[in-house]
Amino acid sequence: MLHSIRVTDQYLVDTHTTYVRVPGRHWPSDASAIVTLNRDPRVAGECLRKLWYRYRGVSPTDAPDATALRKQAVGRLIEGQERLWLAQSHQLLDEHVPVEKPHPMDTSLTVAGELDAVLRGTPPTIVEIKTSHGYSFQRDVLDGDAARPYPAHLLQGMLYLDLYPSASEVLLLYIDRGTLLRREHRLSLTQTGHAIVNGTVDATFHLGAIYRRMIELHQAVQSGHLPSRDYAPIYDERTLTRRHAQGQLSAKQVQSFRAGNRFGDWQCASCPFRSRC
């Protein structure tokens with residue numbers, strides 16, 4: 001007889017579905033852009049090749065396992081509870097708010113999404129609730145003066161501000177799924193479309209770059225041309241050295257890699273198409 005946990009695990013995997021992507025319709029949660037960090041142009045946000053597979057209806061080769069699906073489910077439960085508390089404390093104006101507009105550079109395309117919540121105020125504030133866990137999340141997002149939102153969430157929030165112009169800012173509410181520690185980051189836009197993160201203008205992120213990547217993706221989907229990888233499944237020596245010089249990898253990680261423990265970008269490790277790619 002199978003253990004009940006294993007039966008549940010199999011149920012989670014068997015019943016898991018993903019949202020169907022419709023060509024010409026783009027989601028803020030899929031946003032990406034070419035940005036320059038430490039004089040190095042790179043991609044922030046989603047990989048175009050991964051999205052190309054989704055828009056072309058390619059079946060995943062590496063579906064999430066039951067542990068990953070449980071983490072996602074716990075995250076949704078936390079998000080729902082936070083919205084309930086926002087409502088009970090009389091801060092909530094609306095939740096699950098649909099937003100949509102034509103692509104500003106190509107009106108044959110549509111950009112559409114759903115806001116987690118909108119808070120009362122003049123003007124109102126968009127709230128996006130994000131959950132994660134682990135040492136790097138605590139170090140990079142939750143703790144200290146240098147903590148910042150994840151780049152992908154900045155891109156998503158920038159689009160939401162453009163789609164819901166009555167709001168003045170996005171409140172990115174981060175919650176650790178393990179400790180339940182929280183951190184708020186605030187995002188707004190300059191009149192020229194650059195990000196303002198926690199009160200400081202960050203010219204690295206611009207709305208135009210996000211919209212241009214959407215057009216690039218749509219053209220690739222329509223033509224059938226597979227985009228190149230935006231991330232590395234396994235680092236080569238040049239990338240390893242560059243990431244270390246930029247402070248993204250520690251000396252211990254570099255030593256481990258050269259000792260045979262090969263690794264690459266975390267985006268590839270969790271990608272549902274990593275074996276195909």
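How much space lies in the largest cavity? The volume there is about 70 Å³, where a volume is the space filled by probe spheres set on grid points joined across faces, edges and corners.

1. On provenance, this is a predicted model, in which local features need pLDDT of at least 70 and side-chain atom pairs count only at pLDDT 80 or more, while totals for chains, interfaces and linings use all residues. Residues are numbered from 1 along each chain as its sequence is written, and side-chain values use heavy atoms, with hydrogens and water left out.

2. The structure holds one cavity of 30 Å³ or more; a cavity is a set of points, on a 1 Å grid over the protein atoms alone, where a 1.4 Å probe fits but cannot get out, whereas a pocket is an open set with protein on both sides within 12 Å along at least five of seven lines, and lining residues have an atom within 4 Å of a point. Among the residues lining the largest cavity are His 26, Trp 27, Asp 30, Tyr 55 and Arg 213. The elements that give two or more residues to this lining are α2 (48–55) and α6 (207–223), and α6 provides the largest share, four residues. Helices (H or I, at least four residues) and strands (E, at least two) are DSSP runs, numbered from the N terminus.

3. The second largest pocket has a volume of about 150 Å³, and its lining includes Tyr 19, Tyr 53, Tyr 55 and Phe 273.

4. Helix α3 (residues 66–88) has 23 residues and reaches 33 Å from its first C-alpha to its last, close to the 33 Å expected at 1.5 Å a residue, the expected span being 1.5 Å times one less than the number of residues. Its buried residues include Glu 79, Glu 82 and Arg 83, where buried means under 20% relative accessible area, exposed over 50% and partly exposed in between (1.4 Å probe, protein chains only). Just after α3, His 90 takes a positive phi of about 65°.

5. A search of the whole structure finds eight aromatic pairs, which are rings of Phe, Tyr and Trp (its six-membered ring) with centres within 6.5 Å, classed as stacked when the planes are under 30 degrees apart, edge-to-face over 60 and tilted for the rest. Tyr 19 and Trp 27 form an edge-to-face pair, 5.5 Å centre to centre with 70° between the planes; Tyr 19 is exposed at 65% relative accessible area, while Trp 27 is partly exposed at 22%.
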